[in-house]
Amino acid sequence: MESLEGMSELARLARKVRVLLCNLCDALYFFVMGGLITGYWLVVSALLAGANVPRWAWWCAAAGMALVTAGILLALEDVPRATHLAVRKPKGEGLRWVASFLLPFAVAYPLAGRIPLGRASWEILSVIWYPALGVALVAAHLLVYRDYKRLNPGLFLSSPFLIAGGAIVATTPLVLALMVYRGLESAWLMATGTMVVVYTLTGLYVLKKALRVIARG
Amino acid sequence: MDEELPRDLDPVLMNPKRFLIASILYMLGPRTMSFLRDSLGITWGDLYRQLKTMEEKGYVRVRKVFTPLGPRTLVELTERGLESYLRLVEQLDRMLKTLRSPPP
């Protein structure tokens, strides 16, 4: 019986560590994504800041940003993710992730020009990513994360995609109002800043939940 | 020990070394063979033997990956391995509960 107890105790500990790791990975992912997206857009802005930029400079900037994007994607491959653990995955998981993040942007960008906000369509494009990101995160929860939680009961302790997406959608009117009344720069800065705050708070929330697993003893 | 145990307990995972391997992979995700060998404190030969048994049963997948530090052999728990491990843990918990409860 002692060896059975030892095995059971080991399995209990393994489960705790697994839950902790899984949720730490989720928290880390939000910290990393928030930092990388913001950094990316700040670099884009820095490159394109200033008037009278010659056409070739735009092309150079675009090529540079494509390289930065590729670098970010490669870096993300190395970020530990909860799904790297042995977890039950929903069918067509990859496609669901792509659909969650592609469709909202694919719908939002063509619609941007038709939004009657008294601004040129290209101006609206620079802030429309914000609500599209919010919808994409909610879609990621509904299409992927919710199924992960259902298939792996007790493993994922929170719903970070729903929280972050909901917060971004809820703060969208503020960004749009700023665009209309205070100008594009103000709205863009507000969107970027709010996104970092939302991602960081979401990461902290998931981290707190994860650490409770250990605190429970 | 085997004679005292019910027959429906997974014989592959009831081996202590294989149970440890499954626990590590369940807990930490895919690991390299050298990590498993160091964690368990066993020889290469022993590790190969245990992994072969688990691989034949479809519990683990062994594959070569190329890392910046050179090629590594990665071991990961399969869906089948995960299900079997969880089922065994559940059975053990149930059995221990029965053994601990006072006789009527």
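**Exercises on ring pairs and helix packing**

Tyr48(B) has a relative accessibility of 49% and counts as partly exposed. This value, like those below, comes from a predicted model.

**Exercise 1.** Determine how the rings of Trp44(B) and Tyr48(B) are arranged, and where the two residues lie.

*Solution.* 
Step 1. Trp44(B) and Tyr48(B) belong to helix H3 (residues 44–56) of chain B, and because they are four residues apart, about one helical turn separates them.
Step 2. The ring centres of Trp44(B) and Tyr48(B) are 6.2 Å apart, and the planes are at 35°.
Step 3. Stacked pairs have planes under 30 degrees apart and edge-to-face pairs over 60; the pair of Trp44(B) and Tyr48(B) is therefore tilted.
Step 4. Trp44(B) is also partly exposed, at a relative accessible area of 35%.

**Exercise 2.** Classify the aromatic pair of Tyr145(A) and Phe156(A), and decide whether the two residues are buried or exposed.

*Solution.* 
Step 1. Over all chains, a search of the whole structure finds twelve aromatic pairs.
Step 2. In the pair of Tyr145(A) and Phe156(A), the centres are 5.3 Å apart and the planes make an angle of 70°, an edge-to-face arrangement.
Step 3. Tyr145(A) lies in helix H4 (residues 121–151) of chain A, while Phe156(A) lies in the loop between H4 and helix H5 (160–181) of chain A; the pair therefore ties together parts eleven residues apart in sequence.
Step 4. Tyr145(A) and Phe156(A) are both buried.

**Exercise 3.** Describe how helix H1 (residues 16–28) of chain B packs against helix H4 (residues 79–100) of chain B.

*Solution.* 
Step 1. Two packed helices are described by the angle and the distance between their axes.
Step 2. For H1(B) and H4(B) the angle is about 110° and the axes are 11 Å apart.
Step 3. H1(B) is therefore roughly perpendicular to H4(B).
Step 4. The crossing of H1(B) past H4(B) is left-handed.
Step 5. Residues making the contact include Phe19(B) and Tyr26(B) of H1(B), and Leu82(B) and Val89(B) of H4(B).
Step 6. By class, the contact of H1(B) with H4(B) has eight nonpolar residues, one polar residue and no charged ones.

**Exercise 4.** Describe how H1(B) packs against H3(B).

*Solution.* 
Step 1. The axes of H1(B) and H3(B) come within 10 Å and cross at roughly 75°.
Step 2. H1(B) is therefore roughly perpendicular to H3(B).
Step 3. Among the residues that meet are Lys17(B) and Arg18(B) in H1(B), and Asp46(B) and Leu47(B) in H3(B).
Step 4. The contact of H1(B) with H3(B) comprises five nonpolar, two polar and three charged residues.

Definitions and conventions:
Residues are numbered from 1 along each chain as its sequence is written. Chains are lettered from A and ligands numbered from 1 in the order in which they are written. This is a predicted model: local features need pLDDT of at least 70, side-chain atom pairs count only at pLDDT 80 or more; totals for chains, interfaces and linings use all residues. Side-chain values use heavy atoms; hydrogens and water are left out. Axes are lines fitted to C-alpha atoms, for helices over the stretch in contact, and angles run from 0 to 180 degrees between N-to-C directions. Angles under 35 degrees count as roughly parallel, over 145 as roughly antiparallel, 65 to 115 as roughly perpendicular and the rest as oblique. A crossing is left-handed if the near helix is turned anticlockwise from the far one by less than a right angle, and right-handed if clockwise. Contact means heavy atoms within 4.5 Å. Ala, Val, Leu, Ile, Met, Phe, Trp, Tyr, Cys and Pro count as nonpolar, Asp, Glu, Lys and Arg as charged, and the others, Gly among them, as polar. Rings of Phe, Tyr and Trp (its six-membered ring) pair if their centres lie within 6.5 Å; planes under 30 degrees apart count as stacked, over 60 as edge-to-face and the rest as tilted. Buried means under 20% relative accessible area, exposed over 50%, partly exposed in between (1.4 Å probe, protein chains only).
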